[in-house]
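Please have the display open while I talk.

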Amino acid sequence: MATLKDIGVELGLSPATVSRALNGFPEVNVKTRDKVREVADRLGYRPNRVAQRLVTGRSGMVGMIIKIRADMSADQTFFEMLTGLTAALGAHDVDLVLAVDQDDDPVLPYRKLMERDILDGFILNAPVPDDPRVAYLREKGIPFVMHGQTGPDVPYACYGIDNAAVSQDAVQLLSSLGHKRIALVNGQLRYAYAVDRLGGFQAAMAAEGLPVPAAFAASDAETEMQGYTIGLAMLSGRDGVPPTAIVCASTLIAAGVIRAVKDRGLRVPQDISVMAHDDALPLMDPVGLEPALTVTRAPLRDACVPLAALMVAHIKGAPAEQQVERAALIVRASTGPAPKGGESPWP
């Protein structure tokens, strides 16, 4: 394996200068830093983490704490983010350290890792409203970046999508197709994204002058079974005239809703339009549903590169930056004009 001395010999520089160049010290000019990095890459140089920390005060490692669940082995979101972040951070020569949270106190695992003093920062996921992790890490002054955000205009580094706009775009599309009775099958309201999507849904419906009966805003775990169960309940008519369109928090939920529509002897989209938000998880293809699903789309994997870049920049002293993107709207066969008069196809 190449050493600092090997790089220095090739470029006619001292090992100390090579070290400063690789660690981005400002006293080494940009041209020299670029030459050093180019030779280091070509020779396959890898920094000694202990020596690197002595020079820079940084370990080259960031932490991510995962809340354990009984079905975590089937959680596509977890594995998609794990593989994507590992690769994205690796491009910056930063390692991802994982820990599992099995405690009721969401702050405790962060406190334990900070006591070991081995991490440069944290990547947070699954934010909740008034997230206690944010207050704790800001108080301790350790850099962190959150995937998502706890609300609008947050004072910390984050990358995510505009979840209120996800619902607003769905309502505007369906309203333009003549739908007046639009329902939402949301995720669990203990998560900030679900709160934002509910707020965006209610605001968009109000802007269109459309009512939201209590039965038209359901929240539960994002599973196909929950979509099926809630879909059957909404279409039963027991709480009044059923919806003519249903917006789902995920493609899994939408798959269950579509199955419920068919089991009721109805058709998508002729009788009921269905659409969802798509995280582009590899085992859940919205195009493969029958019919192909209209979605707002924001692949989880696409968040990994900007999250890594924000994390590395923040560790190096850049101010906290917020990046919030709007999901793409992709119209497919599962949405269509409302039944005549905008009402459901049965009394």
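**Y156 and its surroundings**

Let me begin with Y156, which, once its neighbours within four places in sequence are set aside, is in contact (heavy atoms within 4.5 Å) with V134, F144, M146, Q149, T150, A320, E321 and Q322. The C-alpha atoms of Y156 and Q322 are separated by 7.1 Å, although the two residues are 166 apart along the chain. Y156 lies in the loop between β4 and β5, where helices (H or I, at least four residues) and strands (E, at least two) are DSSP runs numbered from the N terminus. Y156 counts as buried because its relative accessibility is 4%, the classes being buried under 20% relative accessible area, exposed over 50% and partly exposed in between, with a 1.4 Å probe and protein chains only.

Before I go further, a word on provenance: this is a predicted model, in which local features need pLDDT of at least 70 and side-chain atom pairs count only at pLDDT 80 or more, while totals for chains, interfaces and linings use all residues. Residues are numbered from 1 along each chain as its sequence is written, and side-chain values use heavy atoms, with hydrogens and water left out.

**The chain as a whole**

The protein has twelve helices and twelve strands, and its C-alpha trace spans about 85 × 40 × 35 Å along the principal axes. Of the 347 residues, 47% are buried, and among contacts between residues at least 6 apart in sequence, 69% join residues at least 24 apart. The accessible surface, from the Shrake-Rupley method with a 1.4 Å probe, comes to about 16500 Å², and 53% of that surface belongs to carbon and sulfur atoms.

As for charge, there are 34 positive and 40 negative side chains, and the centres of the two sets lie 3 Å apart. Here Lys and Arg count as positive and Asp and Glu as negative, while His and the chain ends are not counted; each charge is placed at NZ of Lys, CZ of Arg, CG of Asp or CD of Glu.

T251 is in helix α11 and counts as buried because its relative accessibility is 7%. Not counting residues up to four places away in sequence, T251 touches A276, H277, D278, M284, P286, L289 and L293.

V268 sits in the loop between α11 (251-263) and β9 (273-278), and with a relative accessible area of 11% V268 is also buried. Beyond four places in sequence, V268 is in contact with V261, V274, P291 and S334. The C-alpha atoms of V268 and L293, 25 residues apart along the chain, are separated by 9.9 Å.

**Backbone details to inspect**

As background, most residues other than glycine have a negative phi, and most peptide bonds are trans. Which bond joins V268 and P269? A cis peptide bond joins them, with omega about 5 degrees, and P269 lies in the loop between α11 and β9. The peptide bond from E290 to P291 is cis as well, with omega near 0 degrees, and P291 is placed in the loop between β9 and β10 (294-297).

Turning to phi, A126 has a positive value of about 50 degrees although it is not a glycine. A126 is in the loop between β3 (121-124) and α7 (132-140), and at 40% relative accessibility A126 counts as partly exposed. D153, also a residue other than glycine, has a positive phi near 55 degrees; D153 is in the loop between β4 (144-147) and β5 (157-161), and at 80% relative accessibility D153 counts as exposed.

Finally, G141 is found in the loop between α7 and β4, and with a relative accessible area of 59% G141 is exposed. G141 and G121 are 20 residues apart in sequence and 9.7 Å apart in space, C-alpha to C-alpha.

I will stop there and take your questions.
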